[in-house]
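Here are some notes for your reading of the helices. Please keep the structure open while going through the points.

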Amino acid sequence: MKHQQGLRIGMNTVFMAVRTFVLMLTGLYVSRAVLDLIGAVDYGIYSLVAGVVGTMMWLNSAIAEASKRFAAFALGQGDIHRQKAVFAMSIRLHALVAAVVVLVMLTAGLWYVNRFAVIPEERMAVAQIAFICALVVAVLKILSMPYEAAVIAHEEMQCYVYVSVADMVAKVVMVRLMRHSEADGLMLYAIGLMVVELIVMGFYVFFARSRYAETAFPKRIALDPILVKEMLAYGGWNMVGHAGFTLKSSGIPLVLNAFCGPAANAAMSIAHSISGGVLTLAGCLKHALGPQITKRYAASDGKQAMRLTGIGMLLTAVLLLVVCLPMEWLLEPILRIWLVDVPPLTLEFARISLLTAMVISVGSVLDLIVHASGQLKYYYLALTILNSISIPAAYGLLRMGLPPYIVEVVLLGVGILQIPTKLWIVYHYIPVRE
């Protein structure tokens, strides 16, 4: 049993690593090509409007965690009716989230872009179109999540490889079309990302519906009040946690834009595309371990679940040290080779961002055992407080006249503080069932 478990984790890690490699290559190529085609200002504008839309994605992240956790539990129970009920509830919850995001963004989101965002006046009309496209991308991500949760629960991570290949091909085609078009570059980029996300969603839906019986969503299915209560309670505390995370990750670029303009947003966005690859690489192991930890905990094998969590933290730390230390030394030549014209301060942002990604990745493995237990209250309350202080800290430091990359130092400090906080809460509040 342990041999089969280890083999499955190993194979799924390999699949996720292949996916990461493909996505990193795609990201490096697309970022450089798009920056060359549309320039640093337009690149920064899209990063800004996507960040505004991203301020509401904590709702999706919270419900997505509930969908993944309950799908894995239902699969472990071997009850197809329970699996169908969980999937049906997930569809409804994500549709509701999509409707809320659209409503808020078409009112408050557009109001912020029009009134407060630092965008050149002659680019405002195109920025509004880019904002709508980014909103459509967000809605497609939300609606595809129940199908992705089914894939994760069944631990068929090879689906991610197929999706990443489709994503790569679509984005390369997008860039080539942009090179040969005389239309506005920012508009083409925004529309292209929207089309790519539609392709990705279609692939998830096709893969899940062709393989998993529970995704054959019936026209009518009675809702289980107990299941509704459990998923909403679980999702509610996830919302608290993800609200704090989103406030940090989306609020920091807004503060940076207010003080330093879109060029600084472009530098930060490029840096995060590099560190994002590191986060995705670490996520390979996390995605492979997650379903196993959840199923072990559900089977009252808490010691094995905790053991897998500890192994995951150790392996993540070793993996990222091997990858990131050489990158820290070679970042400057990498950026010069990768980018046609490196925006100012990109190197400083990237170096600090890599360290932040390492710290966050190691600590994020603890999320798996917490989600498996369902004991989210104190965990997410503490993390939300830590994440929330990053905004006033960044604002105060920038107002004092410190350089723009000080916001990355703030993010690094928050990430370091989170690890001992998470360990203390796991030790004191997570029951280990025998």
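1. Two residues are in contact when they have heavy atoms within 4.5 Å of each other. The lists of meeting residues below use that cut-off. The model is predicted.

2. Start with helix α12 (residues 377-388) and helix α14 (residues 406-429). Their axes come within 10 Å and cross at roughly 165 degrees. Angles over 145 degrees count as roughly antiparallel, so α12 is roughly antiparallel to α14. The crossing of these two helices is right-handed.

3. Which residues make the contact between α12 and α14? From α12 come Tyr378, Tyr379, Ala382, Leu383, Leu386 and Asn387. They meet residues of α14 including Val414, Leu417, Thr421, Ile425 and Tyr429. By class, the residues of this contact are 10 nonpolar, three polar and one charged.

4. A second pair is helix α5 (residues 158-179) with helix α6 (residues 185-209). The axes of α5 and α6 lie 9 Å apart, at an angle of about 155 degrees. The two helices are therefore roughly antiparallel to each other, and α5 passes α6 in a right-handed crossing.

5. In the contact of α5 with α6, the α5 residues include Tyr160, Val163, Ala166, Lys171 and Met178. Among those they meet in α6 are Leu188, Gly192, Val196, Phe203 and Phe207. The contact divides into 17 nonpolar, two polar and two charged residues.

6. Last, check helix α3 (residues 80-115) for length. At 1.5 Å a residue, its 36 residues should span 52 Å, and the end C-alpha atoms are 51 Å apart, which agrees. Look also at Met105, where α3 bends by about 40 degrees.

How values were computed:
Residues numbered from 1 in each chain as written. Predicted model: local features only at pLDDT ≥ 70, side-chain atom pairs only at ≥ 80, totals over all residues. Heavy atoms only, no water. Axes fitted to C-alpha atoms, helices over the stretch in contact; angles between N-to-C directions. Helix = DSSP H or I, 4+ residues; strand = E, 2+ residues; numbered from the N terminus. Parallel < 35°, antiparallel > 145°, perpendicular 65-115°, else oblique. Left-handed = near helix turned anticlockwise from the far one by under 90°. Nonpolar A, V, L, I, M, F, W, Y, C, P; charged D, E, K, R; others polar. Expected span 1.5 Å × (residues − 1). Bend = angle between axes of the 7 residues up to and from the residue.
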